[in-house]
Amino acid sequence: MIDTGQIREHMDVEGSDGKHVGRVDKLIGDDIELTKFDTAAGLRHHLIPMSWVEMVDGDTVHLNLSKDAAKAAWRTTH
């Protein structure tokens, strides 16, 4: 289980393939909201569940899904 206290605003989020998925805007319940100003996130807010987090290392959140898999399954907000 990941300690959500390790995840902070502006941390990079990478897929299991090492590719940039987005940047943390804030935590909402069991989800991470990615900043909408990140071009990798399509300039929109997207939610990814905490269950996708493999580990937190320094200023990077590493997912257990590739970038493409995460983008195919994330939820769009506003």
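Predicted model: local features only at pLDDT ≥ 70, side-chain atom pairs only at ≥ 80, totals over all residues.
Local features were taken only at pLDDT of at least 70 and side-chain atom pairs only at pLDDT 80 or more, whereas totals for chains, interfaces and linings use all residues. Residues are numbered from 1 along each chain as its sequence is written, and side-chain values rest on heavy atoms, with hydrogens and water left out.

Seven strands make up an open sheet of mixed pairing, in the order β5-β6-β1-β2-β3-β4-β7. The edges are held by β5 and β7, each of which has a single partner strand, so one side of each lacks a neighbour in the sheet. Strands are DSSP runs of type E with at least two residues, helices are runs of type H or I with at least four residues, and both are numbered from the N terminus. Two strands are said to pair if DSSP finds at least two bridges between them. Strands of a sheet pair through backbone hydrogen bonds, and the pairing may be parallel or antiparallel.

Strands β1 and β2 run antiparallel and are joined by three bridges. Across this pair, E14 stands opposite H20 in β2. The two strands form a hairpin with five residues between them, and G18 in the turn has a positive phi of about 80 degrees. Strands β2 and β3 are also antiparallel, with four bridges. H10 belongs to the segment before β1 and is exposed, at 54% relative accessibility. Exposed stands for over 50% relative accessible area, buried for under 20%, and partly exposed for values in between (1.4 Å probe, protein chains only).

The largest nonpolar core contains 16 residues, and those with the most contacts inside it are I7, V13, I32, I48, V53, V61 and L63. A nonpolar core is a set of buried Ala, Val, Leu, Ile, Met, Phe, Trp, Tyr and Cys residues joined through side-chain atoms within 4.5 Å. At least two residues of this core come from each of β2, β3, β5 (53-57) and β6 (60-63).

Contacts (heavy atoms within 4.5 Å) were then listed for I48. Apart from its neighbours within four places in sequence, I48 is in contact with V13, D30, D31, I32, L34, L63 and W74. Of these, D30 is placed in the loop between β2 and β3 and is exposed, with a relative accessible area of 64%. The C-alpha atoms of D30 and I48 are 8.7 Å apart in space, and the two residues are 18 residues apart in sequence. Besides I48, D30 touches P49 and M50, when residues up to four places away in sequence are not counted.

Side chains of opposite charge can pair when their charged atoms come close. A salt bridge is counted when a side-chain nitrogen of Lys or Arg is within 4 Å of a carboxyl oxygen of Asp or Glu, and the whole structure holds four of them. In one, the side chains of R23 and D12 meet at 2.7 Å, N to O. This pair links distant parts of the chain, with R23 in β2 (residues 20-28) and D12 in β1 (residues 12-14), 11 residues apart. R23 is partly exposed at 33% relative accessibility, and D12 is partly exposed at 24%.

A second salt bridge joins D31 and R75, whose closest N and O atoms are 2.7 Å apart. Here too distant parts of the chain are linked: D31 is in β3 (residues 31-34) and R75 in β7 (residues 75-76), 44 residues apart. D31 is buried, at 14% relative accessibility, whereas R75 is partly exposed, with a relative accessible area of 42%. E33 and K26 also meet in a salt bridge through their side chains, at 4.0 Å from N to O. E33 is buried, with a relative accessible area of 2%, while K26 is partly exposed, at 43%.
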